[in-house]
Amino acid sequence: MSVINLKAGETLVIKASRVWRGTPEPPREALVYLQDGKVAAFSTGDQTGGYKRNDPVKEPMNVLELPGCTVIPGLIDCHVHLALDGRDFSRARQQWTARGELLERVKADLTNTLERGIVAVRDGGDRAGIGLEVKQLVITGRLAGPLVLACGHALHRQGKYGSFLGPGLTPAELEKAVDSLARQGVDHLKVLVSGIVSFSQYGRVDAPQFTRDELQRIVYRARSRGLRIMAHASGDDAVRLAVEAGVDSIEHGYFISEESLHRMAARGIAWVPTVIPVAGQVRGKWRVQYTAREVEVITRTWRRQVEMIKKALEMGVTLGVGTDAGATGVCHGQGFLEELLLYRKAGLSPADILLAATRNGAAILGLEHLLGRIEPGRPAFLVAVEGNPWEDISTLAKVKYVFRPADFPGKKLPEKYNSLQPERCFMRLI
Ligand SMILES: [Zn+2]
């Protein structure tokens, strides 16, 4: 596995057996021309983009031959917590005040993420502001990693679930909290609409933390600051509230109803179902901490989630892939393919899974103009895997190269990436 940082002035031609461009079309044999960290052109047998196949390329170019490999757009994890490591919750939290150890751990987790072909992650927040700090460390080139979109603190109700994700808020403090996060330069907001799902009683979830009116105030303020909102919602009551308030994505959504999915499809609200943090509890070493009854509850819970994923796809909901990496049992990087294999269990085709992991992820992050497709002019965030993921999604385990522009993280992302169209905001508030 190698990460290739494409420097300004450098050119490279990738000759792989197949290129999948992030569209519903299957992969084809093609050449991809990279220049200055961007996709300059691609060419196939009967379709050309930029270069004609027989045109002599003027300047000498390095050629990378990748027989048997498929080149795809970089993968996107829509839900991670960089402040946590997925192995030991208390130790990870202790490291928040032990800088040296924390940075070593984060560095390793960012490497694990990037080496699995994940080129961008959306962080779901932490009380210590670590996700936001890691974003800065990556942008300034002090840590190598995927692009990090961060939210700083998650918004939650005082005295309710989520104290490790941010300080609890009273209803009077909501606007102030949004303004403060906006000033810190966050990329989006995370709101905890509910608590978590029970592992001992099937179908039980904590009650919503906010009223519809309070959530709408948060959404309205976020819109005025140009910020999107990812809403942590377990249980259909919380999902319904979040959908009515007009958030951009529902995170988790355990016990979501078909009716809520219909509304989400109609309003263009995405779903990031995060199955692995539940399914992973009853696998390997984690299973022993649960009673037989709890194992049964957890198993029924994730199986229901998987069934709803298939329904969501059929109803036209935009499905993203989020791992909740950092949550107990979900390691950064590694959790992504585990989540994809659960999508396969849901009955999704490799094509649908690939689209969720690339194109949809880019849209959920608001980076659809930069990520998720291989197209001339776009920054070259690409992955070469051995085999053909269009036929077998598990080939994503065999990442051979990750390509990315060397100087991209040093550049500020274009304004467009977190500003929404006013009409769209209006639609969402209805
Ligand atoms: Zn989360």
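Guide: Start with helix H11 (residues 350-365), which lies across S7, S8 and S9 and runs at about 50° to S7. Helices (H or I, at least four residues) and strands (E, at least two) are DSSP runs, numbered from the N terminus. Contact means heavy atoms within 4.5 Å. Axes are lines fitted to C-alpha atoms, for helices over the stretch in contact, and angles run from 0 to 180 degrees between N-to-C directions. This is a predicted model, in which local features need pLDDT of at least 70 and side-chain atom pairs count only at pLDDT 80 or more, while totals for chains, interfaces and linings use all residues. Residues are numbered from 1 along each chain as its sequence is written, and side-chain values use heavy atoms, with hydrogens and water left out.

Visitor: What is the order of the strands in the open sheet of 3 strands?

Guide: Strands of a sheet pair through backbone hydrogen bonds, either parallel or antiparallel. Two strands count as paired if DSSP finds at least two bridges between them. Here the order is S7-S8-S9, with parallel pairing. Strand S7 (75-80) and strand S9 (147-149) are the edges; each has a single partner strand, so one side of each is left without a neighbour in the sheet. Neighbouring strands are turned by 20° against each other on average, direction ignored. Strand S8 (residues 118-123) is joined to S9 by 3 bridges, and arginine 122 has leucine 149 in S9 as its bridge partner.

Visitor: Which strands stand at the edges of the open sheet of 4 strands?

Guide: The order in that sheet is S12-S13-S14-S15, again a case of parallel pairing. S12 and strand S15 (270-272) stand at the edges with a single partner strand each, so one side of each lacks a neighbour in the sheet. The twist averages 25° from one strand to the next. S12 pairs with strand S13 (residues 228-233) over 5 bridges, and leucine 189 stands opposite isoleucine 229 in S13.

Visitor: How many residues of H3 are buried?

Guide: Buried means under 20% relative accessible area, exposed over 50%, partly exposed in between (1.4 Å probe, protein chains only). In H3, 7 of the 10 residues are buried, among them Ile130, Leu132 and Lys135. The buried residues of H3 pack against H2, S8 and S9. Just after H3, glycine 141 takes a positive phi of about 80°.

Visitor: How many cavities of 30 Å³ or more does the structure hold?

Guide: On a 1 Å grid over the protein atoms alone, a cavity is a set of points where a 1.4 Å probe fits but cannot get out, and a pocket is an open set with protein on both sides within 12 Å along at least five of seven lines; lining residues have an atom within 4 Å of a point. Grid points are joined across faces, edges and corners, and a volume is the space filled by probe spheres set on the points. The structure holds 2 such cavities.

Visitor: What is the volume of the largest pocket?

Guide: About 530 Å³. Its lining has 25 residues, of which Tyr161, Ile196, Asp324, Ala327 and Thr328 lie nearest the centre. S12 and helix H8 (276-279) each supply at least two lining residues.
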